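Dear colleague,

I am passing on the structure that we spoke about, and below it I have set down what was found. Please read the notes with the model open beside you.

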Amino acid sequence: MSTPVTEPATDAAASAPRPLTMAGALNAALRDAMAEDDRVVVYGEDVGPLGGVFRVTDGLQAAFGEDRVWDSPLAESGIVGTAVGMAMYGLRPVVEMQFDAFSYPAFEQIVSHVAKMRNRTKGRVSVPMVIRIPCAGAIGGVEHHSDSSEAYWAATPGLTVVMPSNPADAYSMLREAIDSDDPVVFMEPKSRYWSKAELALPVRTAPMNRAEVVREGTDVTLIGYGPTVRTALDAAAAAEAEGLSIEVVDLRSLSPFDDETVGASLRKTSRAAVIHEAAQFGGYGAEVAARLTERNFFHLAAPILRITGYDIPYPSPKLEEHYLPTPDRVLEALASWEWDLA
Amino acid sequence: MSLNVEHHEPRVLPSEKPIRLLDNAGHALHGRETGGFELPPVERLLDLYRRMVVARRFDVQVTALTKQGRLATYPSAYGQEACEIGVVSAITADDWLFPTYRDSIALLTRGLEPGEILQSFRGDWHNGWDQHEHRTAAMATPLATQALHAVGLAHAARLRNDPIVTLAYLGDGATSEGDAHEAFNFAAVWQTPTVFLVQNNQFAISTPVARQTHATTLADKAVGYGMPGYHVDGNDVAAMYAVATAAVDRARSGGGPTLIEGLTYRIESHTNSDDPTRYRAARDVEHWKRRDPIERLEKYLVSEGALSDEVRAEIAEAGEALAARTRDAMSASPELDPLELFDHVYATPRTALAEQRAALEAELAAHSEHAREEVAAR
């Protein structure tokens, strides 16, 4: 194995603002975390010389050596299962599942071991790690490359599940996930990988367990996460012209759910809709609607809507535009409410 | 095209006839059957004998306590003592063991107390010991998942230049699981210091090993991963210990992983809720009882004049003392705090869990208030 070469931490001094994609921000977060903490190791499929199929690990092996960044055999259960052993020994593995649907072979390791180890051992053994999962669609991917698997993970006690929607959060939340003493399923919306922002690193945004109001409004709360935050913002901009004031909440964290922030927004607007790409039945939106209703029923002017993908397997590339929730579909759904604007 | 030629062990299939150093009559063997392994010194064998006898006393005691309803379940390893004890005795206190649910008796050699080992079977909590203190992972119930943990921990230790070895126990049924394949492959590719023990006790609950594999031996599988595999008489503790010691030494010196298959037999049922008469003949069980691993070693030790009445009595006494500790541990009814259910799920506190904890606390308070009123009303 080659000798690791450690680059100086970029945390030492904030860089001048520069345009960064979400993929670039994630790459910078990994680089800075590895420079700061020698327990952090990165491995998975094609993460070494190739830099990952989305280039999120670009250049890391050259910077830190093969003992810190390496290509594993092509086996997702093996990747996560070995990370459990490494975390038990004190390393901080950051592993990549190449695509959402390819994470399913690791389901047992994640659900039966990663999620349960701390509880099983009364806190004496914990397995802090970050499982990065590029997720969701709208990139013209062929079958098994566009799944939204967040509900499986969010339904599992013991896991922390987060999904950034923009480059600044991507950097900040990945740093926080790596520092966390709990295992984190870190979902990266593929369609946002190439979205850009001017960032001065290291950037720190709100804590990763908090939702954020990303646009203020008074009539409706649109709740999105990952790729659908953009959808919600576009819908809000379009609605403004029609005199409808939409507030947009970016959940950021799916588990835990930030009842406080989302509930406060709902009590202000008294109407809410949750938007996600995943199918509706049993989807994450069902939990959002149920718990918001339980806690805020007497503040509601209308039922909470779910604006989601259909209850079908994710479509082939030429049909996905019909599946994905669009700003138009969002506005249509809001129009279905009885509006008493008098 | 061949890959990694320079890294390969000789491409030799494990012998179909299991490696053994002592025959069933307790005679030391020589020649091909030994696979080139040497009989361990008699003092070492006496120590293994002591551990096996004490372990069996424990196993029999726990089975009895389970029948009395003191434990929710207990998977016995009666008859598998040579595998269980022989292999774990080849690692040091600094090494790590990754056991399955059937390996309670192996845990005795790791310094665990009966109350710690049996806590999960009694139903108190899912894992009852400090894994780091004993360098012994929790018993794995999903099959073969722990083998990957063993590989990962070994790799982490090697990255840290710690010269430790990890030992993963698996059963014959577990070799059909994908995680067994992935663990063997990761270990071989990464050359981790890991020893895999497959205890072929010939049944996965009721399913015979012939329905798990078409390979001649389970050790054959090692060849495809580019690691050495050994097919060993799993009722010959001398052979199990000798082969395991060589594998542990090779792993520690950077030689990579080894797969050891111990051919043995599960004398007891799968657990107390199993009915083995539905899938195997009593005469098969009798056949294997006549191949008892403890009796075999005893015959050898007697023939060597190494087992005095004094030593026998002392070992029996140690077994009875452990059995008594086991009974005591299982008689005690520790106060379980239902509120602790919420305390270890996350390192980072969660509002939702705090709310649910408070709800259960209120429910418990209401219950005890209700109970007090009932008592007062009588």
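This is a predicted model: local features need pLDDT of at least 70, side-chain atom pairs count only at pLDDT 80 or more; totals for chains, interfaces and linings use all residues.

Residues are numbered from 1 along each chain as its sequence is written, while chains are lettered from A and ligands numbered from 1 in the order in which they are written. Helices (H or I, at least four residues) and strands (E, at least two) are DSSP runs, numbered from the N terminus.

To stay with helix H3 (residues 76-88) of chain A, 13 of its 13 residues are buried, a residue being buried if 20 or more other C-beta atoms lie within 10 Å of its own, exposed if 12 or fewer, and partly exposed in between, with C-beta atoms placed from the backbone. The helix lies across strands S2, S4 and S5 of chain A and runs at about 170° to S4(A); axes are lines fitted to C-alpha atoms, for helices over the stretch in contact, and angles run from 0 to 180 degrees between N-to-C directions. Just after H3(A), A:Gly90 has a positive phi of about 105°.

Those strands belong to an open sheet of seven in chain A, ordered S3-S2-S4-S5-S7-S6-S12 with mixed pairing, where two strands pair if DSSP finds at least two bridges between them. At its edges are S3 (69-71) and S12 (253-255) of chain A, each of which pairs on one side only, and neighbouring strands are turned by 20° against each other on average, direction ignored. Within this sheet, S6 and S7 of chain A run parallel and are joined by three bridges, and A:Thr160 has A:Val184 as its bridge partner in S7(A). Helix H7 (residues 167-179) of chain A lies across S2, S4, S5, S6 and S7 of chain A, at about 160° to S7(A).

Chain A also holds an open sheet of five strands, in the order S9-S11-S10-S13-S14, again with mixed pairing. S9 (212-215) and S14 (305-309) of chain A each have a single partner strand, so one side of each is left without a neighbour in the sheet.

A:Arg295 lies in helix H10 (residues 284-296) of chain A and counts as partly exposed because it has 14 C-beta neighbours inside 10 Å. Leaving aside residues up to four places away in sequence, A:Arg295 touches A:Asp259 and A:Gly263, contact here meaning that the C-beta atoms, placed from the backbone, lie within 7 Å.

Turning to chain B, there are 14 helices and seven strands, and 46% of its 378 residues count as buried. The contact between the chains takes 34 residues from chain B and 34 residues from chain A, and H7(B) gives the most to the side of chain B that touches chain A, with eleven residues.

With best wishes

Definitions and conventions
Two residues are in contact if their C-beta atoms, placed from the backbone, lie within 7 Å.
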